Structure formats: C-alpha cells, structure tokens
Amino acid sequence: MHREHLGSRLGFILLSAGCAIGIGNVWKFPWMTGQYGGGTFVVIYLLFLLILGVPVLTMEFAMGRAAQKSPLKMYQALKPGGHWGWHGYVCLLGNVVLMMFYTTVAGWMLQYFVDTAAGRFVGLDVSGVETAFGNMLANPVQQTVYMGVIVISGFFIISIGVQKGLERVTKWMMMALIVLMLALAVHSLFLPGGSEGLKFYLLPDIQRLKDAGVGNVIVGAMNQSFFTLSLGIGAMAIFGSYIGKNHALAGESVRVCALDTLVALCSGLIIFPACFSYGVDVKSGPALIFMTLPNVFNNLPAGRFWGSLFFLFMTFAAYSTVLAVFENIVSCVSELTGLSRKKTCLVCGIALFL
C-alpha cells in the first residue's frame, strides 16, 4: 500500500513540534522553572534535552522512516520475528491513554475560550471564578459537548489525509499559536511589576534549588526533557514515516526541540510577569490556569481580549497534540484491521464516545 508523505519540511517540523507542544509546555515547564531555581533549572533542562532528548527523538524519527509503518508494526517491519513486537501494542495503548487526557483538557480550554470571549468571567470575584470552574466540572453534559467538538473535528481532519488534512491544519494552527504566544508575552512583559516575575522566572536562584533538593531538580529536568517531546510511546515515530530520505533527521530533531523549548520559555514570560503584577501566588499549580489567571484578566485593561487570546493559545497547544495522537491511533488501527483511513476514523470516534 502506498504511504502518503508530508508535503514540506516546514510541515514536518510544525507537525512534530505540535505533538510535543502541549500543557506540559504551557503550565508544567514554567511552574518547574519557578520552583526549581529559575535559570539554574533551565540550564540543567537544556543539557538533558541535548544529551537525551535530541538523540532519542532522532532515533524515533529514524525508526519510523526506516519502517514506513505505524508504531504498532514498526518493530516487526524492522526486525521480523524479533521480541520487540509487543512494544507496538504498548505504544498504541500509551497513545489511547494520552488521547483520553488531552481530549478532555482541550475541551476545557475551548470552553474557557468561549466563556472568556463571551464575557462570562467579567465582574466575578475570586470565589466567583472558583465557583465557575467547579460548575464546569459538575456539568458532564457541557464537558461532553466541548470534548465532542474536539473529537469530531479532530477525526474529520485526520480522515482527509496527511497532507490535505493533518499537515495543512497543523501548519496554520501552529503559526497562529506562535503569533498569539509572542503577542501575549510582549504584553505581559510591560505590565507594572512584571519585571519581578521575570527575575523570579529566569534568574538563577541557588536557594530555591537547595530547597527543592538538587536530586529532585536533576530528575525533574530529565523527566521533563522526555515528557515535553512525547518520547517513548511511538508518538514521534509516525512522523518519521511521513518524511522523505533527503532530510537529515538530527537537524530536524534539533529544530523541533528548539521550537518546543521556545514555546515553553515564552509561556513562562506570559504567566509569571502577570502573576507578580497582580500579586497572584505562582504556586497555584493546575488551578493557576482555570481559577487564578481569569482573575488576573479581570483586572487587566482589555482583560477580556487578552484572556480570550490566552485561552485560544491554550486551545491550540492542546489541540495540536490531540491531532498528533489521533494520527498515531488511526494509523495503528488501520494497519491492524486493514480498514481505510476514513472508516478507521469513524470507528475510532465512535469507540471513544462509547
């Protein structure tokens, strides 16, 4: 069977980076940087990214390109009769688990974008915003509707094809994500008192490093270098199977890592200056996005506009990963069952709702 390839090098980079860029970049990396010693953590993280992240990513791309198969059949194609065929099923299971998480979170982000753009948080105090988040979690029908929009649109895009669907949509979405990110970061940097947030975020702080524990910081940086690139579950190997042999994969891996790290660093530039400007606790954890930042936007000039842009940015970050995970699942199931891409998308979409 002829295997469709990506139409451009830019599409490959943005598609791979889209899989890597997600909630881990926008929330987890800035939070870890702030708690684990600022610039010190960034240096350790970049070191692990170079000595572990880039080589492993290159390896996954190379395996996918050599096998010209999904992660499910990749090991069998590379070494028929080998003992690693079972790992293909682990890869499929890992993508399914990731899909269940990201479709839910992407639905939350989409709902918060709609609610912020509609002005539903305007005039609410701290307790009002917290109540709004609790009401969202307590309304399974509403959550299912927004998740349904993510799932149906995602599988529809995948069903169109690699070039005309996945690559085309991801390229535009990722370019919009980068523009939104840069606009939000520049705006946040000029907030009154934002410079203190920038210092907390990026200046090395040995005391915070010691308080967190040097061992914990090192392990955290190493784990983040794998987590941020979606390594180990075959999620990146699929894109290697869609790229031609005229591309140097090590160089492409460096570019994907650089774009992924740029988004992670810029996310902190958006969040920390805003938090310090309005006296928000940067240790809020997951609540920072859904319960703390809406209060910040309520106090910002044109906060409804900037809040809408922020949650649109978050939606794109989550949705880019959803599309990449869907592509992995559809490719695996199609090779397992022999169904066409369109039929596989229909079956997978129905199975997810059931």
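**Cavities inside the model**

Guide: The largest cavity has a volume of about 100 Å³, a volume being the space filled by probe spheres set on grid points joined across faces, edges and corners. This is a predicted model, where local features need pLDDT of at least 70, side-chain atom pairs count only at pLDDT 80 or more, and totals for chains, interfaces and linings use all residues. Residues are numbered from 1 along each chain as its sequence is written, and side-chain values use heavy atoms, with hydrogens and water left out.

Visitor: How many cavities of 30 Å³ or more does the structure hold?
Guide: A cavity is a set of points, on a 1 Å grid over the protein atoms alone, where a 1.4 Å probe fits but cannot get out. With the cut-off at 30 Å³ or more, the count is three.

Visitor: Which helices each supply at least two residues of the lining of the largest cavity?
Guide: Lining residues have an atom within 4 Å of a point, and here they include H187, I270, F297 and W306. Helices are DSSP runs (H or I, at least four residues), numbered from the N terminus. Those supplying at least two each are helix 8 (162-189), helix 13 (249-277), helix 14 (287-299) and helix 15 (303-337).

Visitor: Which helix gives the most to the lining of the second largest cavity?
Guide: About 60 Å³ of space lies in that cavity, and P294, F297, N298, G303 and R304 are among its lining residues. Helix 14 and helix 15 each supply at least two. The one giving the most, with three residues, is helix 14.

Methods:
1 Å grid on protein atoms, 1.4 Å probe; cavity = no way out; pocket = protein on both sides within 12 Å on 5 of 7 lines; lining within 4 Å.
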